[in-house]
Amino acid sequence: MKSLNSRFIFLLSLTLVSSSVGFYLPGLAPVSFCEKNPKANTEECLTEIQLFVNRLDSVESVLPYEYDAFDFCKDTNEKRPSENLGQVLFGERIETSPYKFSFKADQTCVKVCTKSYDKDSKEDKLKLDFLKRGMELNYQHHWIVDNMPVTWCYLVEDNQKVCNPGFPIGCLVNQEGNPKDACVISADFNKKNTYYVFNHVDITIIYHSEDETTGIGARLVTATLEPKSIKHGNDENPTCEGSAMDIPAEFNSNLKVTYTYSIKFQQNNDIKWASRWDYILVSMPHSNIQWFSIMNSLVIVLFLSGMVAMIMLRTLHKDIARYNQIDQEDAQEESGWKQVHGDVFRPPRMGMLLSVFLGQGTQIFIMTLITLFLACLGFLSPANRGALMTCAVVLWVLLGTPAGYVSSRLYKTFGGENWKTNVLLTAFLCPGIVFVDFFLMNLILWVEGSSAAVPFGTLVAILALWFGISVPLTFVGAYFGFKKPGIEPPVRTNQIPRQIPQQSFFTKPVPGIIMGGILPFGCIFIQLFFILNSIWSHQMYYMFGFLFLVFIILLITCSEATVLLCYFHLCAEDYHWWWRSFLTSGFTAVYLFAYAVHYFFSKLQIIGAASTILYFGYTTIMVLIFFIFTGTIGFFACFLFVNKIYSVLKVD
């Protein structure tokens with residue numbers, strides 16, 4: 001039986017993990033390309049390849065910038081494809097570029113444009129200073145071809161090939177002569193206190209041809225490039241030969257920077273269109289996870305949870321059987337959880353606030369569950385930019401009804417009567433805190449001129465979704481919740497509260513709450529590292545199958561850790577379990593915040609006051625949402641547990 005269970009867990013894990021790679025965004029049709037040929041029917045294929053540019057970002061700064069913020073070559077007929085809500089919230093700003101290619105037409109050293117900088121022009125000095133600042137902070141280009149990132153592939157230790165979905169705009173050799181970032185790739189970058197701009201790219205596009213005889217119906221499967229720094233001798237007719245394009249730190253003379261590119265096409269029918277992202281995802285830094293150790297830790301968590309559940313059930317079964325067999329007079333001499341049956345369902349203090357948190361937690365739980373499920377099916381893959389955030393926001397807006405229903409029903413169970421205040425707090429308290437934090441962070445982004453700043457129109461649209469859809473749905477849920485009677489407890493509540501005996505150190509509220517969040521955090525901190533990497537280090541996160549498995553484990557550990565501590569507190573005749581059950585699992589969010597602080601100082605290279613404020617501002621939103629979510633899971637697990645054990649007692 002044990003081997004069957006372990007085999008089932010292993011197969012389930014493999015299924016969930018593989019689901020994140022096996023599916024490639026259902027509903028996205030591939031685009032076919034063909035050569036320019038007057039005799040061929042090219043109505044069903046494209047002959048020109050348009051290269052799009054996205055925002056530029058850096059691991060040393062939280063502030064992304066639009067492509068146009070830097071003085072690069074721009075498209076004369078610039079067009080922006082339609083962006084979804086998630087892209088706008090994440091600061092994605094995709095636009096056309098002057099890089100346009102004809103399919104299967106190899107080209108060498110094609111001039112794009114020349115940028116001139118006059119040392120006497122204040123405007124040119126500002127442009128060049130901003131470009132230097134970008135190179136100093138290692139800002140990265142993000143180019144897109146056929147909805148696929150143009151990657152920069154290079155070798156690292158042990159000859160491992162890494163493909164990065166971005167490449168630097170340049171690099172810096174500091175005053176001591178030490179090359180920074182990408183300047184280490186070539187010995188030509190050797191001048192002290194000098195910037196080197198990557199003004200040339202060698203682009204390679206690999207295609208899969210459906211018809212090898214005619215070449216019609218080819219699909220792009222790989223797009224890579226190699227950035228180079230070249231000082232062109234002739235800006236009008238560049239040959240892409242020469243020394244590196246150096247920019248002195250001191251702007252003392254006029255300067256010209258010519259941007260060029262070379263492109264070649266290669267055919268490879270072994271790469272299928274549906275798996276064209278695999279080479280990026282497999283080779284990404286930090287994606288080579290030690291699967292065995294992670295699965296081992298998850299199995300240990302499951303084993304501990306099963307042991308806790310078994311011990312609890314056996315102990316409770318003996319307690320209940322013994323309590324129901326003895327006389328009531330002898331029962332008065334008993335101690336433990338059985339003696340607080342007359343107080344255990346006494347309404348908690350601040351029941352209004354607790355019910356509001358639980359309503360919001362229910363909304364977040366359902367939203368997270370559906371979002372992760374859709375992500376596992378491939379609908380929210382990295383290819384569908386912004387889909388994850390769009391899905392989460394839309395689901396949150398549409399799930400106002402269960403939030404209002406749960407909040408009002410529990411508030412009525414607690415004996416509350418101010419239903420108007422309850423529904424208003426449910427609709428506005430937690431979302432209001434998140435929106436105020438988000439708005440303040442957005443003000444900083446506006447001031448800094450970052451592309452991540454959400455436009456005013458989008459803010460109005462978010463408010464319209466909140467006030468126009470979410471709030472009315474919350475009122476609808478509250479209406480049905482208040483129409484139903486409160487949840488009846490299985491035992492009567494005494495009029496006079498029972499005195500709580502002196503508690504030991506481990507059964508006091510604070511130590512119990514602090515211990516309660518350790519086990520749930522232990523099962524998520526490995527995944528947390530990769531999630532934070534995807535947010536702050538701009539790496540793609542695609543392991544949604546594994547994340548869904550960790551999500552299930554988190555639910556189990558939050559529930560059982562809370563139930564275990566709740567049982568210990570009731571055995572110590574402390575019946576104040578309502579808020580304690582919420583805070584016990586909710587304290588996992590405190591460990592999350594502590595880990596985020598550790599990650600900031602140990603893993604990130606962020607500098608600047610604005611970037612630091614933005615990091616901790618957005619982290620506060622994450623911690624608040626996680627606190628409400630985990631607290632809600634622990635509360636309902638404990639609520640069901642307490643109702644179950646007291647419903648089987650024979651109490652007169």
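These legends walk through close-up views of a predicted model.

**View 1. Helix α14 and what surrounds its buried side chains.** Welcome to α14, a helix of 12 residues covering positions 525-536. From its first C-alpha to its last it reaches 16 Å, close to the 16 Å expected at 1.5 Å a residue. Buried residues of α14 are Q527, L528, F529, F530, L532, N533 and W536. Their cover includes one strand, β3 (61-65), and it also includes the helices α13 (518-522), α15 (544-571), α17 (588-602) and α18 (609-647). After the helix, look for H538, which has a positive phi, near 60°.

**View 2. The largest nonpolar core.** In soluble globular proteins, nonpolar side chains tend to be buried together. Here the largest nonpolar core holds 156 residues. The residues with the most contacts inside this core are F101, W143, I205, W577, F635 and V642. Helix α18 supplies the largest share of the core, 17 residues.

**View 3. I205 and its partners.** I205 is one of the residues with the most contacts inside the largest nonpolar core. Which residues does I205 contact, leaving aside neighbours within four places in sequence? They are I49, F101, V145, L220, T222, A223, I263, K264, F265 and Q266. F101 in that list is itself among the residues with the most contacts inside the core.

**View 4. A nonpolar patch on the surface.** Now to the outside: V436, F439, L440, L443, W446, F456 and V460 form a nonpolar patch, and together they have about 630 Å² of accessible area. Two helices, α10 (419-448) and α11 (456-483), are the elements that give two or more residues to the patch. The largest share, five residues, comes from α10. Is F456 buried or exposed? F456 counts as exposed because its relative accessible area is 61%, and the cut-off for exposed is over 50%.

View 5. G617 lies in helix α18. This glycine is buried, as its relative accessible area is 8%, and buried means under 20%. Not counting residues up to four places away in sequence, G617 touches D437 and M441. G617 and M441 are 176 residues apart along the chain, yet their C-alpha atoms are separated by 6.7 Å.

Note on methods. Residues numbered from 1 in each chain as written. Predicted model: local features only at pLDDT ≥ 70, side-chain atom pairs only at ≥ 80, totals over all residues. Heavy atoms only, no water. Helix = DSSP H or I, 4+ residues; strand = E, 2+ residues; numbered from the N terminus. Expected span 1.5 Å × (residues − 1). Buried < 20%, exposed > 50% of the residue type's maximum accessible area, 1.4 Å probe, protein only. Contact = heavy atoms within 4.5 Å. Core = buried A, V, L, I, M, F, W, Y, C linked by side-chain atoms within 4.5 Å. Patch = residues over 30% accessible without salt bridge, like charges linked within 9 Å, V, L, I, M, F, W, Y side chains within 5 Å. Areas by Shrake-Rupley, 256 points an atom, 1.4 Å probe, with all protein chains shown as cover. Salt bridge = Lys/Arg side-chain N within 4 Å of Asp/Glu carboxyl O.
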